[in-house]
Amino acid sequence: MTRETTVNIALAIALLAVPIGAQFADHPFIITLSTKVAIFAIAGVGLNIALGYGGLISFGHAAFFGLGGYAAGILASQALNYEPLVTWPFEIQGTTQMLIIWPVALCICGAAALVIGAMSLRTGGVYFIMITLAFAQMIYYFAISWPAYGGEDGLSIYVRSKFPGLNTLDPITFFAICFALLIAVLGFSVLLTHSRFGLALSAARQNPQRLTSVGVRPFQVQLTAFVISGMITGLAGALYADLNRFVSPAMFSWHTSGEIMIFVILGGVGRLFGPLAGAALFILLEHLLGGITEFWQFLLGMLLLLIVLFARGGLIGLLAGGRGNV
Amino acid sequence: MSTILLFEQILNGLQFGIMLFLMAAGLTLVFGVMGLINLAHGSLYMVGAFACAAVAAATGSFWLGVAASLAAAAAAGAVIEVAVIRRLYGRDHLDQVLATFALILVFSEGTRWIFGSFPLYLNVPASLSGAVILPGGVAYPTYRLAIIVVGIIVAAGLFALIGKTRIGVQIRAGEADREMIAALGIDIARLYTFVFALGAALAGLAGALVGTIQSVQVGMGEPVLILAFVVIVIGGIGSIKGALVGAILVGLTDTLGRFLLPSLFATMMSESDATSIGSALASMSIYILMALVLIFRPRGLFGATN
Amino acid sequence: MNSIKTAIAALAALVIASPLQAEPVKVGMITTLSGGGAGLGIDVRDGFMLALKQSGNNDITVVIEDDQRKPDVAVQLADKMIQSDKVDVLTGIIWSNLAMAVVPAVTQQGKFYLSPNAGPSALAGKGCHPNYFNVSWQNDAMNEAAGKYVSEQGVGKVFLMAPNYPAGKDMMNGFKRFYKGEVVEEIYTKLGQTDYAAEIAQMRSSGADMIYYFLPGGMGISFMKQYAGSGVTVPVMGPSFSLSQDVLGAIGDAAIGAKNTSHWSKDIDNEANKKFVETFQAEYGRLPSIYASQGYDTALLLVSAAAKADVKDADAFRAALKEADFASTRGKFKFGPNNHPIQDVFVREVVKEGDVVTNKIIGVAATDHTDVYAAECKM
């Protein structure tokens, strides 16, 4: 077992142990924080597929995070108001079933990622960063000024969506759902990177000419990766809507894109558990420093600077050494 | 809609574009020469505005404030270049994003620590207040005309610096081939510090000049930063000419979009829907512009084609 | 003899004061303390803490957290305060969109929420709740009063401007509801916009007799500075947020002469207000803004209710809150059927007192004003 695998397993156990301990110690907020870590880690795992393995630096993943969130929010709020979502050409009802909401969120985000990716992949490098940002900003401003679902006020869902056989309102149950999904997307991520597709994606990043010479178009490989990446981040958005029982255009803002990206970089780009390590560290720091001083963001900035300057390869790199999958 | 109003709006668009150019010029220069994504550029803009407001309040002179903004932003730029940025040139863009994001937090909260949480007072000097009547009967604020003039001077100065001076030759050489200029015996570390401080000073100047007619407050740099990125990407990264053209395009699109779109929609639908949809589309317009430019010219209007 | 008097007085004080020593109340304050909007949150917090300190009630403890102006962070903090800190009452939120996120989550878990700022229409009408008390204003109210006042002044044509988001639309709809003249133009700007040259040019050519605008914080500062330099001389007016004390310092002389409607002003003549303005200045070294006064009133309301009822007895505590038995800095204050204020709205004008640019009351726009959403509220 490599050192990185040991670190990964330790991280997964820690994320599981903390909320269970909190459950016994009756600190439900720790469970909420752990759930937030798990959800942002899912979003980060999604981004990591494009950014870490595919080398596609997307500064617009808030678009998918927000779309996933709004898919969940709109479906649930329509169901709660007993208003059909669409009445023409046929009637579609809203729903509060997670098992329906998730596939819908995945489909919507996949479709959006297909469109955004197809246009953005014409560019490269910094231009790619900025064009993905542009698309996210367009959706952000649209969401703010579109009155139907609350505009910038956002949309309250009041209750958490349902999962058959489970009481999702119980914090530890909801955490378990998010944790299980995190493990699932991590597993998927491993399968993906070790598959033929993963190799092609890696080649598209490092040596696109060679890929072309064996008859694979880098564009198609990268677009597929971008779509998968967007879908996973969208799933995280749907979960985040349920965590807060609320969605708002802030999910689309460039700060959200930046935050997800920072989780990935902080943890270690292209490292399987990087997003989890990054999200956990950032949310922990945010929580701990917030109690110290009103100017906690100053301290946070200083700490982040130290990490980026002196811990190359992010947190996983610091703990496990090596160069990861990049 | 009168032609005078349209003319005035075009002038407003130009002037907004020039303001963006002041901000974007430094960003594109730093990117072109050092290949660095600097998210903290907006913080230097804020530093300039706060320095100007503080010095103008202490001395009573707006012009001393402007001088202070240049000095403070250049100094802040030089310090962070030596302490932080210098270590990032060899890294990939992602480390740069994280480090300069951390700098935003440090600068924003540091500024709030020093100056408090309330916006500062900074106003147009008496000599530039009021409006002048332009040919055609348009009354136009003197201060905004002054910004246009300053922007043109800065643009000319930058073109001269890059095209006609020794440093300009080094900068162009640095853009083309980094190893080469080191081989030529140029002190590359000093050149980089100089370019970064120059970019910072431009951002500081923009902060002071724009802060005068806007709000001098913590966080003022972030929306402008995003706009400046839009500008340099449309223009083509590293190109001063591109930044100028991009800035004016963005300025015109945004201003005319805000003005024309609601009335355009009003011809098709009810007044309130038109206002709503028109305003929503207007706030998206520059991003639509950027996406269109990049789809048809993936490296911006004046970007290198390699 | 003297000592007996003292003893009786002390005994009497003990008897009167004993309800004050009732069960402890734990308050969670979620407000904006970092970033560009921090000034408002700091004012609410400072006003609130000042009133608490003056009340001498040591049984009320406050947990304060920074929401960073992010709705998701605010909701999570509310969960934390309810679940971990076990607070009884929440308060502190500045922005409508954050209130929309937090208030339903709080009231659903059976806790009380006292709003020291922001009153979105959705929470005043269909979304009202018995545990949600608004101690500030409903978004529309100050604008309705302004619309009424402007009509009475015989202003025939107005130009409306607000940011393109729900609170902005609430405000303009409120104005139009009571305004009888003609709206020559109504524009909604990008949220966070800082350059208003294009809008000012439209104002110049619109032929309006008055500009009515709602632009809080930095947006309002930018607009007023640019407007003053534009040479357009049409009078401007807005709800008090556009021209509150927290932004006047930054706008400076450019704001002088602008009018605004407000439920509070530092020159309202009553004992509570005099004490508030004096002690606030002494404590913090700056003039209080409307946000500080709202924070102060919120704490007064809480103290008054805590003196009458145990917070664990929700029905009694709710009834005690509803009585609004406290000396408000605004003078008159009572709650309407939807737990939103019924209060007077004043017209203020920005003037210079010595070196300080500030507001001065010049008239009353509406007395005992309430909001129109109460009819939709079923509770």
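Predicted model: local features only at pLDDT ≥ 70, side-chain atom pairs only at ≥ 80, totals over all residues.
Chain B and chain C meet through 42 residues of chain B and 33 residues of chain C.

## Where chain B meets chain C

Which of them gives the most? Helix 1 of chain B does, with six residues. Sorted by class, the side of chain B that touches chain C holds 19 nonpolar, 18 polar and five charged residues.

## Where chain A meets chain B

Moving on to the next pair, 34 residues of chain A are in contact with 37 residues of chain B. On the chain A side, helix 5 (125-145), helix 10 (254-267) and helix 12 (296-310) each give two or more residues. Helix 5 of chain A has the largest share, 11 residues. By class, this side of chain A divides into 27 nonpolar residues, six polar and one charged.

## Two domains in chain C

Chain C is itself divided: the domain assignment gives domain 1 (2-137 + 268-339) and domain 2 (141-262 + 344-376). Their C-alpha centres lie 28 Å apart, and the contact takes 23 residues from domain 1 of chain C and 21 residues from domain 2 of chain C. On the domain 1 side, the elements giving two or more residues are helix 2 (38-55), helix 5 (121-124) and helix 12 (290-308) of chain C. The largest share, three residues, comes from helix 2 of chain C. That side of domain 1 has 10 nonpolar, 10 polar and three charged residues.

| Chain A, touching chain B | 27 residues | six residues | one residue |

## The nonpolar core

The largest nonpolar core has 350 residues, and those with the most contacts inside it are A:Ile42, B:Met290 and C:Val102. Domain 1 and domain 2 of chain C both give residues to this core, so it lies between them. For a close look at one spot, take C:Val102: leaving out residues up to four places away in sequence, it touches C:Ile30, C:Ala74, C:Val75, C:Ala78 and C:Ile93.

## A helix of chain A

Helix 6 (residues 171-194) of chain A is worth a visit too. It has 24 residues and reaches 35 Å from its first C-alpha to its last, close to the 34 Å expected. Its buried residues include A:Phe174, A:Phe175, A:Phe179, A:Leu181, A:Leu182 and A:Val185. What do the buried residues of helix 6 pack against? They pack against helix 1 (3-25), helix 2 (28-53) and helix 9 (218-244) of chain A.

## How confident is the predictor?

For the complex, the predictor gives an ipTM of 0.87 and a pTM of 0.88. Chain C averages a pLDDT of 90, with 94% of the residues scoring at least 70. Within chain C, confidence is highest in strand 3 (residues 89-91), at 97, and lowest in helix 1 (residues 2-17), at a mean of 50. Over residues 11-21 of chain C, pLDDT stays under 50, and the model has five contacts beyond four places in sequence for them.

Notes. Residues numbered from 1 in each chain as written. Chains lettered and ligands numbered in written order. Helix = DSSP H or I, 4+ residues; strand = E, 2+ residues; numbered from the N terminus. Expected span 1.5 Å × (residues − 1). Buried ≥ 20, exposed ≤ 12 C-beta atoms within 10 Å, placed from the backbone. Contact = placed C-beta atoms within 7 Å. pLDDT = per-residue confidence, 0-100. Nonpolar A, V, L, I, M, F, W, Y, C, P; charged D, E, K, R; others polar. Core = buried A, V, L, I, M, F, W, Y, C linked by C-beta atoms within 7 Å. Domains from an automatic or database assignment.
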